[in-house]
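User: I would like to go through this model term by term. Please set each value against its definition.

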Amino acid sequence: MLENQEKATYSTGELAEACGVSVRTVQYYDEKGLLPPAATSEGGRRIYTEDDAAKLRKILLLKSLGLKLGAIRGVLESEVSAQVMSDILAEQDRKLEDEIAQRQHAREVIARMAQGLEEHDALPAESISGMEDIMQNDKSYEQQLQKVYRTMMVIGLPVGAIELAALVHWIRKGDWRPFAGVELAAMPLALALVRFYRERVAYLCPHCHEVFRPEAREWFFAKHTPTTRKVTCPHCGKTDWCTEVAAARLAEA
């Protein structure tokens with residue numbers, strides 16, 4: 001690492017090592033304009049600072065959460081980028097908290113069942129219903145959101161496969177009619193899926209922390225990632241990357 005009188009600086013290789021990535025990764029984000037060097041030496045050597053290292057770690061976090069480069073750029077350019085990332089992490093923490101609570105409850109039920117068998121050779125009366133509750137429980141916000149995603153995939157993937165097959169048939173045989181028929185049949189289903197999805201999600205504003213459902217047109221055309229959407233909060237009027245949450249959170253707001 002190079003040193004100057006004010007703060008530590010890094011070469012490309014040193015920055016890669018400090019952040020636990022390859023040199024090619026640093027170069028890639030530089031090429032995409034996400035991580036330009038703070039300065040360049042007379043010999044053309046790129047020089048990065050501690051601020052650049054902090055920025056690279058943010059990029060890597062957002063990438064790990066499924067955001068594409070355009071969305072990462074938007075989040076980094078947001079005036080509340082730290083809050084957006086904090087909201088995303090908070091939702092991940094909520095998910096883990098729900099899972100831990102559910103597993104702890106399951107362990108308690110299992111312990112009572114084991115104790116009953118050991119002491120009385122019989123199961124406690126409430127243990128079976130307790131186990132059924134565990135197996136069927138789908139009430140947490142995170143579980144509701146995951147259920148929405150699974151439903152979209154279960155329905156959407158087969159339809160997409162049928163559309164692709166019809167398109168291939170058109171290209172190979174020159175017969176466009178199967179593709180047109182599939183598209184006509186798929187359109188109402190696609191609209192129903194979009195409506196199903198929109199009715200079951202809401203968004204957390206990084207500025208005022210209110211949970212809201214955006215206007216339909218804006219929601220449909222907004223830039224989005226698997227965890228965020230760039231929409232306007234009706235409470236504070238700010239347009240930014242808002243974290244996607246289960247619509248049940250609206251009742252909590």
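User: What share of the contacts between residues at least 6 apart in sequence joins residues at least 24 apart?
Analyst: The share is 53%. A contact here means heavy atoms within 4.5 Å.

User: What should I keep in mind about the source?
Analyst: This is a predicted model, where local features need pLDDT of at least 70 and side-chain atom pairs count only at pLDDT 80 or more, while totals for chains, interfaces and linings use all residues. Residues are numbered from 1 along each chain as its sequence is written, and side-chain values use heavy atoms, with hydrogens and water left out.

User: How many helices and strands does the chain have, and what makes a run count as one?
Analyst: The chain has 10 helices and 8 strands.

User: Why is L35 called buried?
Analyst: Buried means under 20% relative accessible area, exposed over 50%, and partly exposed in between, with a 1.4 Å probe and protein chains only. L35 has 0% relative accessibility, so it counts as buried. L35 lies in the loop between α2 and β3 (39-40). Leaving out residues up to four places away in sequence, its contacts are L15, V26, Y29, D30, Y48, D52, K55, L56 and I59. L35 and K55 are 20 residues apart along the chain, yet their C-alpha atoms are separated by 7.6 Å.

User: Why is H209 called partly exposed?
Analyst: Its relative accessible area is 43%, so H209 falls in the partly exposed class. H209 sits in the loop between β5 and β6 (211-212). H209 also has a positive phi of about 60 degrees, although it is not a glycine. Most residues other than glycine have a negative phi.

User: How do you know that the buried residues of α1 line one face?
Analyst: Helix α1 (residues 12-19) has T12, L15, A16 and C19 buried. Seen down the axis, they fall within an arc of 100 degrees, so they line one face of the helix. The arc is taken over the directions from the helix axis to the C-beta atoms. Their cover includes β2 (8-10), α2 (23-31), β4 (46-49) and α3 (50-64). Just after α1, G20 takes a positive phi of about 70 degrees.

User: How do you know that the span of α5 agrees with its number of residues?
Analyst: The expected span is 1.5 Å times one less than the number of residues. For the 40 residues of α5 (residues 81-120) that comes to 58 Å, and the end C-alpha atoms are 58 Å apart, so the two agree. The buried residues of α5 include V84, M85, I88 and M113. D121 follows α5 and has a positive phi, near 55 degrees.

User: What makes a set of residues a nonpolar core, and which members of the largest one touch the most others?
Analyst: A nonpolar core is a set of buried Ala, Val, Leu, Ile, Met, Phe, Trp, Tyr and Cys residues joined through side-chain atoms within 4.5 Å. The largest has 25 residues, and L15, L35, L62 and I72 touch the most other members. α1, α2, α3, α4 (69-77) and α5 each supply at least two residues of this core. α4 gives the most, with 5 residues. Another core lies apart from it, with 13 residues, among them W219, C233, C242 and A246.

User: What makes β5 and β8 a pair?
Analyst: Two strands pair if DSSP finds at least two bridges between them. β5 (residues 201-204) and β8 are joined by 4 bridges and run antiparallel. In these bridges V201 has A246 as its partner, and A202 has V245. β7 (residues 228-232) and β8 are also antiparallel, with 5 bridges. There, V231 stands opposite D240.

User: Why are β6 and β7 called edge strands?
Analyst: The open sheet of 4 strands has the order β6-β5-β8-β7, with antiparallel pairing. β6 and β7 each have a single partner strand, so one side of each is left without a neighbour in the sheet.

User: Why is β8 described as largely enclosed?
Analyst: In β8 (residues 239-246), 7 of the 8 residues are buried, so the rest of the structure largely encloses this strand.
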